[in-house]
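Subject: Structure handover

Hi,

Here is the structure I promised you. My notes follow below it.

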Amino acid sequence: MHHWLRHISLPSYSPDTDVKSIEKFFVHHVEYTLARYRGNINQMGAYRALAMSVRDRLIERWKDTQLYFKKNGVKRVAYLSMEYLIGRSLQNAIVNLGLEENFSAAMKNLGYVLEDLYEQEADAGLGYSGLGRLAACFMDSMATMDYPAWGYGLRYKYGMFYQKIKNGCQFEYPDYWLENGNPWEVERLDIMYPIHFYGTCKMEMVDGKPHMAWYPQQKILAVAYDTPIPGYLTYNTLNLRLWSAQPSKEFDLDQFNSGDLYSSLGDRSHAERITAVLYPNDSSFEGKELRLKQQYFMVSATVQDLLRRFRESKRQLTDFPELVCVQMNDSHPTLAAIELLRILIDVEGMSYDESYKVICKSFSFTNHVVARSNLEKWSIELMEKVLPRHMHLIYEINHHFLQQVEKKWPNDQGKLTHMSIIEESPERYVRMANLAIVICHSVNGVTEIHSEMMRTEVFPDFFKLWPERFLSITNGVTPRRWMLEANREMSDLITKWLRTPSWTLNLDLLSDLARQSDVGSLQKQWSLAKHINKERLAGYIEKTLGLKVSPESLFDVQIKRVHQYKRQLLNIIYVIHRYTTIKSMTIEERRKVTPRVVIFAGKAAANYAIAKSIIQLINNVSVVINNDKNIGDLLKVVFLPNYCVSLAEIIIPAADLSQHISTAGTEACGTSAMKFAMNGSIILGTMDGSIVELSKEIGETNVFTFGTRAYDVPSRRSAVRNGEWGVDSRFEAVLSVIERGDFGSHDFAPLLNSLRYGNDYYLLSVDFPAYVEVQDNIDAAYKIPNLWNKKSILSTAGSGKFSSDRSIKQYANQIWKIKPARRSGPISVSAER
Ligand code: CR1
């Protein structure tokens, strides 16, 4: 059909990437895509025209890459995640294409500044947390290393909420990130799948055999929105497919039949709700149901898509694991395996045993949780209502699994109770992580310490049953976004001193900086680069908060979700202690104080009251300290609102010191520490998550660690609970000045109570003396520039292991068993690497 299409050439869309061609593409999009006049284009319009021009270059590569994978019949990985915290895409795309110089020149010729256009873009905040940003880094690495991969997720209309601070308090606003359109996505109305919910199941006889049939009651369509993910200096461009909900013509099967047109139309808008917002508030029952529907919506569309593509290979379904592997980012997508099982059995007529083998061989699971109480579980009542057939299959899986447990540990009721996929009493739940471990061939933790805790504390019985399933793959972050793009000053320096630009693709090369860390001229240039980044951040702080801070001060940063276990509260308590100490000093003593700017950013979950009052306290403290003329530049406290990827890109390169001070044994990884270390920020941390491995790589004497070790946490916790731990008087003094109202009249009683009367679960009072001591050491070290600069260079030099390229290589070799498949592009592209 339509063979003649092949002979049509596209004169205006040649793949040229020289400056003149870029100018032409840009003007073309101004006139034809935006339908505007050339003389009348504002910055937002220019951003959009530019983004469209870049997108055209990506689409060529992206289509060619998909075709190449298909023709070569390569095995592919599908990465399933409920979150992708992408941030902005324009600079990333231009840099990965290796075209920043040309685009910059073209924009200059047309009267624009490329960097200003970057700033026009809204962040794609389709994620809440660390695992969402991890998924985005992993996509970059999979594309860069030419792995045949697809990302799958949801296209939420509203991403992570927008945070505003008023009178010190957090307020949440909807983040309608699509307001100015999204030039990076392609709507695929040709790729659409029906997704069913609710209804009943009936046992029927088909060809003389019993067969479970599901009569669903609601049908919603999943439409694909594709986003090209360009690899760095490779022609390969991957696809991130995000599903969006759309009502089907026959939306609610019951109402449609009853002929009640208007109420059925009213309900149609409910269909779109499924992908309206990221993680609906899950404190009410309705919210929970929507979240479950989101998960199933995502995985059902994805599994149907994988099967459609697999069928093109004409191979038998039992060969599915030879062409497809599925990586689940946490337990949220676990229903994907159940959906595949259902289709193989109910639709394809395969036996349970055969189908079960297929899913076990294909699926693998990454766990990001440490505390057992945070493991995901769904009420059975809800599951039975929304997905009755899947619930049957889960019971069946559990039945077979418990037989295995019984065989290994006969008559051990305890084991059966702990390991069962179903949690009994009083309300019954499906334990999603247990289900995931049972049906996957591999389960991994995200750092060494976290994986060890999985084996010994979180899932010890599963580890005894299937030790070979348990792996550890330490997370990583992409050096393209977090160094090359965010920190051009330092990147140029590194290239100069390593005499090669290829560290961006082989981050282990950074270790060579260690050898040169004493060289005076490197140290000088290094601290100058840091200074430029600090000036940029100081400018941002002034613009946002109207507050002047001095780039000569030590920039001390803690940015992450606000959570009790991450202990921003410990940080602000120390700040108050520092403030009162400085205030009691003589002028002579004050001369010796290291001036600091303590910078916070982070969002608290909307219904997490204690976290919100931590934000309130930080802001109240900042008002008092920043307005205290007596203190001046010796201490400033900054809370930057609306923490997001693009804000992190400004803050991280400017940090002298960054804090990662979770109670040991509570943070699975913490990937921001890796970004800070890469950018020459010195680490202040507890021996938790990524800090354990970072301090090993950077050298224990070059990082500042303190506090209770994970193995001592249980005994100290019980000492605190029983009132046997003597509280430091300085700590208690800070609590009383807060109580006295020195930092505003807000009711901080619940916050203070969480630290007193044996309630100090996260051991702030226990770790406080060691924290004060390590802060003194930091002040002393900052006074000796050679020493400080050396530590800073060594932080970067020791961070090579933490590239997400290394993580992805481990996933590919140890779990997915896939190989790179590189589509060679035009000579110029391949030659650059
Ligand atoms: C963990 O809390 C880890 C990331 C990525 C987070 C954090 O320690 O760095 O995952 N978990 O592995 C998470 O986002 C929703 O759960």
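I559 stands opposite A601 in β20. That strand (residues 596-601) pairs with β19 (residues 554-559) in the parallel sense, over six bridges. Strands pair here if DSSP finds at least two bridges between them. Strands are DSSP E runs of at least two residues, helices are H or I runs of at least four, and both are numbered from the N terminus.

Two points on the source. This is a predicted model: local features need pLDDT of at least 70, side-chain atom pairs count only at pLDDT 80 or more, and totals for chains, interfaces and linings use all residues. Residues are numbered from 1 along each chain as its sequence is written.

Back to the sheet. It is open, has six strands and is paired in parallel, in the order β21-β20-β19-β22-β23-β24. Its edge strands, β21 (635-639) and β24 (704-705), each pair on one side only. Helix α25 (residues 609-626) lies across β20 and β21, at about 145 degrees to β21. Axes are lines fitted to C-alpha atoms, for helices over the stretch in contact; angles run from 0 to 180 degrees between N-to-C directions.

Next, a helix pair. The axes of α23 (residues 568-583) and α30 (residues 729-740) come within 9 Å and cross at roughly 90 degrees. The two are therefore roughly perpendicular, a label that covers 65 to 115 degrees. On α23 the contact is made by I573, I576, H577 and T580, and on α30 by R730, F731, V734 and V737. Contact requires C-beta atoms, placed from the backbone, within 7 Å. By class, this contact has five nonpolar, two polar and one charged residues. Nonpolar means Ala, Val, Leu, Ile, Met, Phe, Trp, Tyr, Cys or Pro; charged means Asp, Glu, Lys or Arg; the others, Gly among them, are polar.

Now the domains. Domain 1 is 73-88 + 123-472, and domain 2 is 481-712 + 767-802. These bounds come from an automatic or database assignment. The C-alpha centres of the two domains lie 36 Å apart. In all, 32 residues of domain 1 are in contact with 29 residues of domain 2. The domain 1 side divides into 13 nonpolar, twelve polar and seven charged residues.

Last, a hairpin. Strands β8 (residues 200-206) and β9 (residues 209-215) run antiparallel, joined by seven bridges. T200 has Y215 as its bridge partner in β9. Two residues sit between the strands, and D207 takes a positive phi near 50 degrees.

Best wishes

Note on methods. Two residues are in contact if their C-beta atoms, placed from the backbone, lie within 7 Å. Angles under 35 degrees count as roughly parallel, over 145 as roughly antiparallel, 65 to 115 as roughly perpendicular and the rest as oblique.
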